[in-house]
Amino acid sequence: MSGRPVEVTLTKAGRTKIRYPAEVLAEGAGRLSVRAPWAAEGVRDFGFVRFEPGDVFVEHYWDDRWFTVKEVWSADGLLKGWYCDVTRPAVIGGSGVVVEDLDLDLWVSADGSEVLRLDEDEFAASGLAATDPEAAVRAVAALDALEALGRDGLAELAGPPGTGPGASGG
């Protein structure tokens, strides 16, 4: 049901990294799309993008894909780009979604001119290749797939039309 409140939980290495409220935009077999305000405190400046109070994230989760896609919208309704997390497949339930962050990330600017692979050093240092080699292979494959999608137009993957920050959902 569109508009219903849910909770998004991001875990890392068995611990909760962040938990925040969101609103359902769309849901279907194995997929959930939500809208949420920037949930962290203050501004986070990555150099290539700033996440700040007033930003809105339209987030897409799947229970059969090793990634999530987050559209990042400014407070004035302009698309900043897509921040993609490599994760284990999402656990989607009635009260929300839980995903496990596997360190690898991808940024795609709104105009598509920047497609940046992020945190590969953190991924290597995590030891996942030794503790769960299959998950490590899937994580790298997910990042490769996201990069290809980012270069081809991530908007096609992200979500149904009208899911931006001012949309009423559907």
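**A tour of the pockets and aromatic rings**

The largest pocket holds about 510 Å³ of space. The model on display is a predicted one. To find this pocket, select Leu10, Lys17, Trp38, Arg44 and Tyr83, which lie nearest its centre among the 24 residues of its lining. Next, colour strands S1 (5-12), S2 (15-28), S6 (56-62), S8 (79-87) and S10 (96-109), each of which gives two or more residues to that lining. By residue class, the lining of the largest pocket comprises 13 nonpolar and 11 charged residues, with no polar ones.

Proceed to the second largest pocket, with about 170 Å³ of space. Its lining may be shown by selecting residues including Lys12, Ala13, Glu122 and Thr131. Strand S10 contributes the most here, with four residues, while helix H1 (120-126) and helix H2 (128-131) each supply at least two. This lining divides into three nonpolar, three polar and five charged residues.

Turn now to the aromatic rings, which form 10 pairs in the structure. Select Trp38 and Phe57: their ring centres are 5.8 Å apart and their planes lie at 25°, so the pair is stacked.

Select Phe46 and Phe51 next. This pair is edge-to-face, with 5.1 Å between centres and 70° between planes. Phe46 is partly exposed, at 24% relative accessible area, whereas Phe51 is buried, at 4%.

Finally, display Trp38, Phe46, Phe48, Phe51, Phe57, Tyr83 and Trp107 together; ring pairs link these residues into a cluster.

Key:
Residues are numbered from 1 along each chain as its sequence is written. This is a predicted model: local features need pLDDT of at least 70, side-chain atom pairs count only at pLDDT 80 or more; totals for chains, interfaces and linings use all residues. Side-chain values use heavy atoms; hydrogens and water are left out. On a 1 Å grid over the protein atoms alone, a cavity is a set of points where a 1.4 Å probe fits but cannot get out, and a pocket is an open set with protein on both sides within 12 Å along at least five of seven lines; lining residues have an atom within 4 Å of a point. Grid points are joined across faces, edges and corners, and a volume is the space filled by probe spheres set on the points. Ala, Val, Leu, Ile, Met, Phe, Trp, Tyr, Cys and Pro count as nonpolar, Asp, Glu, Lys and Arg as charged, and the others, Gly among them, as polar. Rings of Phe, Tyr and Trp (its six-membered ring) pair if their centres lie within 6.5 Å; planes under 30 degrees apart count as stacked, over 60 as edge-to-face and the rest as tilted. Buried means under 20% relative accessible area, exposed over 50%, partly exposed in between (1.4 Å probe, protein chains only).
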